[in-house]
Amino acid sequence: MVAKVHAGFIQRTPGFGVVGVAHTGAQALVETQRLQPDLVLLDIHLPDINGLELMHQLRDVAPDLDVLVISAAREVETVRKALRGGIVHYLIKPFSQSDLQERLEHYLSAYQGLDASKVEAEQSDVNKVFGLSASERTLPKGCSVETLGLVESALKTAPGDLSAAELAEQLGTSRVSARRYLEYLHDEGALEVRLKYGVGRPERRYVLKGR
């Protein structure tokens with residue numbers, strides 16, 4: 001009954017579909033080998049095996065498998081072992097449809113996006129996988145989340161690329177400060193740098209990737 005409810009949650013989440021349901025570890029192993037799913041929602045307490053032991057067996061037959069644990073098991077050591085096993089999330093029962101949907105949407109945008117879209121990962125891609133927002137990132141000394149937001153807004157509304165001097169004038173900050181934010185976003189993989197050649201050193205101009 002619980003498996004049926006959870007399957008319904010998944011089916012109502014855009015981008016996901018249930019390809020199989022197993023009620024024992026042995027059945028899960030057979031179905032995983034046959035179906036080769038992208039993601040398994042795995043319980044810890046199964047009739048014939050501990051879910052953490054099963055997780056390693058599942059990856060033997062499906063090496064690219066991702067695992068999201070859904071369980072009533074709350075023991076700290078169990079959670080730690082699951083994390084060491086490389087799960088994408090640990091959701092404690094009982095949970096609502098929105099709880100599961102939130103985890104699935106994060107998995108789709110972060111994990112699947114990282115696998116499919118790029119050959120090389122940027123730091124921003126890795127931050128996304130681990131759920132780090134701008135407020136949780138380590139900003140350069142003297143930088144603030146609020147000003148970073150203003151810089152990102154200026155880049156989004158700019159008709160083209162911007163130099164540090166142009167950004168500084170627009171925001172009312174120093175050129176050095178503006179350059180610090182721009183270089184931070186470039187290191188995060190959010191910006192491209194275009195060099196404008198003239199007299200002296202080429203000018204570094206910044207634009208959002210994909211524009």
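This is a predicted model: local features need pLDDT of at least 70, side-chain atom pairs count only at pLDDT 80 or more; totals for chains, interfaces and linings use all residues.

Mentor: D43 is buried, because its relative accessible area is 18%, under the 20% cut-off. Keep that residue in mind.

Start with the whole chain. It holds nine helices and six strands. Of its 211 residues, 36% are buried. Take the contacts with a separation of 6 or more: 51% of them link residues 24 or more positions apart.

Now the part you asked for. Which strands make up the sheet, and in what order? Three strands form an open sheet, ordered β4-β6-β5, and the pairing is antiparallel. β4 covers 162-163 and β5 covers 191-196. Both stand at the edges with a single partner strand each, so one side of each has no neighbour in the sheet.

Take the β5 side. β6 spans residues 203-208, and six bridges join β5 to β6. These two strands run antiparallel. E192 stands opposite V207 in β6. L195 stands opposite R204 in β6.

How do the two strands connect? β5 and β6 form a hairpin, with six residues between them. G200 sits in the turn and has a positive phi of about 80 degrees.

Now the β4 side. Two bridges join β4 to β6, and these strands also run antiparallel. Here S163 stands opposite R205 in β6.

Next, the helices. Helix α7, residues 145-157, lies across β4, β5 and β6. Its direction is at about 85 degrees to β6. Helix α9, residues 175-187, packs on the sheet as well, touching β4, β5 and β6. The direction of α9 makes about 55 degrees with that of β6.

The two helices also meet each other. Two packed helices are described by the angle between their axes and the distance between the axes. The axes of α7 and α9 come within 10 Å and cross at roughly 75 degrees. The range 65 to 115 degrees counts as roughly perpendicular, so α7 and α9 are roughly perpendicular to each other.

Which residues make the contact? From α7 come T147, L148, V151, E152 and L155. From α9 come Y181, L182, Y184 and L185. By class, this contact has seven nonpolar residues, one polar and one charged.

That is the part itself. Now set it beside the other sheet. This is also an open sheet of three strands, in the order β1-β2-β3, with parallel pairing. Its edge strands are β1 and β3 (89-92), and each pairs on one side only. The twist averages 20 degrees from one strand to the next.

Look at one pair in it. β1 and β2 (residues 66-71) pair in the parallel sense over four bridges. V40 stands opposite V67 in β2. Helix α3 lies across β1 and β2, running at about 165 degrees to β1.

Back to D43. This residue lies in the loop between β1 (39-42) and α3 (51-61). What does the record say about D43? The UniProt annotation, from an unreviewed entry, reads "modified residue: 4-aspartylphosphate" and covers D43. Such annotations may be inferred rather than shown by experiment. Leaving out residues up to four places away in sequence, D43 touches G51, I70, S71, A72 and K93.

One more residue belongs to this region. Q36 is found in the loop between α2 (25-35) and β1. Is Q36 buried or partly exposed? Q36 is partly exposed, with a relative accessible area of 40%. Q36 and A62 are 26 residues apart in sequence, yet their C-alpha atoms are 6.0 Å apart in space. Neighbours within four places aside, Q36 is in contact with E31, V61 and A62.

To sum up your part: the strand order is β4-β6-β5 with antiparallel pairing. α7 lies across the three strands, and α9 packs on the sheet too.

Methods. Residues are numbered from 1 along each chain as its sequence is written. Side-chain values use heavy atoms; hydrogens and water are left out. Two strands pair if DSSP finds at least two bridges between them. Contact means heavy atoms within 4.5 Å. Axes are lines fitted to C-alpha atoms, for helices over the stretch in contact, and angles run from 0 to 180 degrees between N-to-C directions. Angles under 35 degrees count as roughly parallel, over 145 as roughly antiparallel, 65 to 115 as roughly perpendicular and the rest as oblique. Ala, Val, Leu, Ile, Met, Phe, Trp, Tyr, Cys and Pro count as nonpolar, Asp, Glu, Lys and Arg as charged, and the others, Gly among them, as polar. Buried means under 20% relative accessible area, exposed over 50%, partly exposed in between (1.4 Å probe, protein chains only).
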